[in-house]
Amino acid sequence: MREKLNEILKSSKEEMVSGKSLQELEQIRIKYLGKKGELTQVLRGMGKLSKEERPVIGKLANEVREEIEEALKEKVTTIEENEKLARIEKETIDVTMPGKVNKIGHRHPLTLVLDEIKSIFIGMGFKIAEGPEVETVYHNFDALNAPKDHPSRDLSDTFYINEEILLRTQTSPVQVRVMKNSKPPIRIISPGRCYRSDEIDATHSPMFHQVEGLVIGKDISLADLKGTLDVFAKRLFGTSTKTKFRPHYFPFTEPSAEMDVSCFKCGGSGCRMCKGSGWIEILGCGMVHPNVLEECGIDPEVYSGFAFGMGLDRITMLKLEIDDIRLFFENDMRFIEQF
Ligand code: 2NL
């Protein structure tokens with residue numbers, strides 16, 4: 001029996017050496033110390049022993065049990081320690097690794113330039129006005145003093161939904177609505193999409209963007225128009241920018257003009273951008289025609305005002321040196337991200 005006990009001690013310790021997990025150790029404990037375990041079996045056989053042998057073997061058996069328990073405990077501690085180290089190793093964060101780069105959005109070049117234009121006018125006390133892209137012929141043409149036979153009314157130039165409804169060809173109808181729905185003084189710009197039945201090429205798109213402006217008040221003069229648009233040009237293209245007004249014709253303004261700015265690329269000496277002239281055409285403008293004021297419920301004997309309109313696509317192309325309007329609408333991130 002003594003031998004049997006020593007053997008149990010020896011073989012259990014051997015098994016413990018190769019045991020790698022807590023489960024394996026539990027198996028070993030059950031095998032030797034469990035209810036049906038080897039040591040328990042030995043103790044059951046003690047009844048056959050002599051009176052003298054019984055306490056000796058009993059003592060030895062207890063010692064063996066204690067020793068196995070002690071060894072198991074030690075081994076459990078070692079395994080737990082190793083598992084903890086392995087976990088720490090696995091969970092270590094290398095703070096020198098480069099971070100994940102989140103792809104964030106990018107404003108479209110038209111939005112970049114529009115935001116700049118908006119903030120210039122907001123800085124001069126203007127409000128932003130918006131309105132429908134699907135408009136009535138009345139708001140788009142009739143109210144704006146456009147003669148019944150004006151070429152822009154033509155079916156080949158304008159997208160008609162039916163005889164009374166069309167896709168707006170400019171954002172003036174927004175300003176017509178503001179004049180009808182509010183009282184002077186009025187200071188607004190109206191940016192937005194417009195539509196014309198144009199053949200697509202590098203400078204024409206059937207959908208394009210316009211920014212129009214309108215100022216109505218008492219004693220608003222051509223000097224106010226020139227001063228306002230000169231400040232606008234200097235803020236958008238640089239303080240050394242000069243402006244020049246050339247007479248022009250629009251049915252909705254009288255007198256009317258087109259405004260050129262000195263070339264912001266060459267400073268006016270002549271280059272590819274300004275086609276050698278030193279000047280670049282930027283917008284159309286004029287004093288609001290009395291017929292338009294009257295039609296919109298504003299007394300032309302009391303109030304006067306000026307208006308202007310510019311193509312956002314063209315201005316953005318000039319400012320950012322983009323040579324094809326189609327690039328704006330292709331949504332190629334390689335293009336958009338350059339600005
Ligand atoms: C251009 C010229 C212009 C206006 C737009 C306007 C609007 C109302 C009354 C009077 Cl409600 N005028 N707008 C005036 C002059 C010129 O646009 O070349 N745009 C791209």
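Author: Aspartate 219 lies in the loop between β5 (207-217) and α8 (222-237). Helices (H or I, at least four residues) and strands (E, at least two) are DSSP runs, numbered from the N terminus. This is a predicted model, in which local features need pLDDT of at least 70, side-chain atom pairs count only at pLDDT 80 or more, and totals for chains, interfaces and linings use all residues. Residues are numbered from 1 along each chain as its sequence is written, and side-chain values use heavy atoms, leaving out hydrogens and water.

Reader: Is aspartate 219 buried or exposed, and how do you know?

Author: Its relative accessible area is 71%. Buried means under 20%, exposed over 50%, partly exposed in between (1.4 Å probe, protein chains only). So aspartate 219 is exposed.

Reader: What makes the phi of aspartate 219 worth a remark?

Author: It is positive, about 65°, although the residue is not a glycine. Most residues other than glycine have a negative phi. Asparagine 145 also has a positive phi, near 65°. Asparagine 145 sits in the loop between α6 (137-140) and β3 (165-167).

Reader: How do you know what length to expect for α1?

Author: The expected span is 1.5 Å times one less than the number of residues. Helix α1 (residues 2-18) has 17 residues and should span 24 Å; its end C-alpha atoms are 25 Å apart, which agrees.

Reader: Which residues of α1 are buried?

Author: Leu5, Ile8, Leu9, Ser12 and Met16. The face turned away carries the exposed Glu3, Glu7, Lys10 and Val17. The cover over the buried residues of α1 includes α2, α3 (38-44) and α4.

Reader: And which residues are buried in α2?

Author: Leu25, Ile28, Tyr32 and Leu33. Their arc is 95°, so they line one face of α2. Gln23 and Gln27 are exposed on the face turned away. Among the elements covering the buried residues of α2 are α1, α3 and α4.

Reader: Why is α2 given its direction label relative to α4?

Author: The axes of α2 (residues 22-33) and α4 (residues 53-91) come within 10 Å and cross at roughly 175°. That makes α2 roughly antiparallel to α4, since angles under 35 degrees count as roughly parallel, over 145 as roughly antiparallel, 65 to 115 as roughly perpendicular and the rest as oblique.

Reader: Which residues of α2 take part in meeting α4?

Author: Leu22, Leu25, Ile28, Arg29 and Leu33. Their partners in α4 include Arg65, Ile68, Leu72 and Glu83. Contact means heavy atoms within 4.5 Å. By class, this contact of α2 with α4 has eight nonpolar, no polar and six charged residues. Ala, Val, Leu, Ile, Met, Phe, Trp, Tyr, Cys and Pro count as nonpolar, Asp, Glu, Lys and Arg as charged, and the others, Gly among them, as polar.

Conventions:
Axes fitted to C-alpha atoms, helices over the stretch in contact; angles between N-to-C directions. Arc of directions from axis to C-beta.
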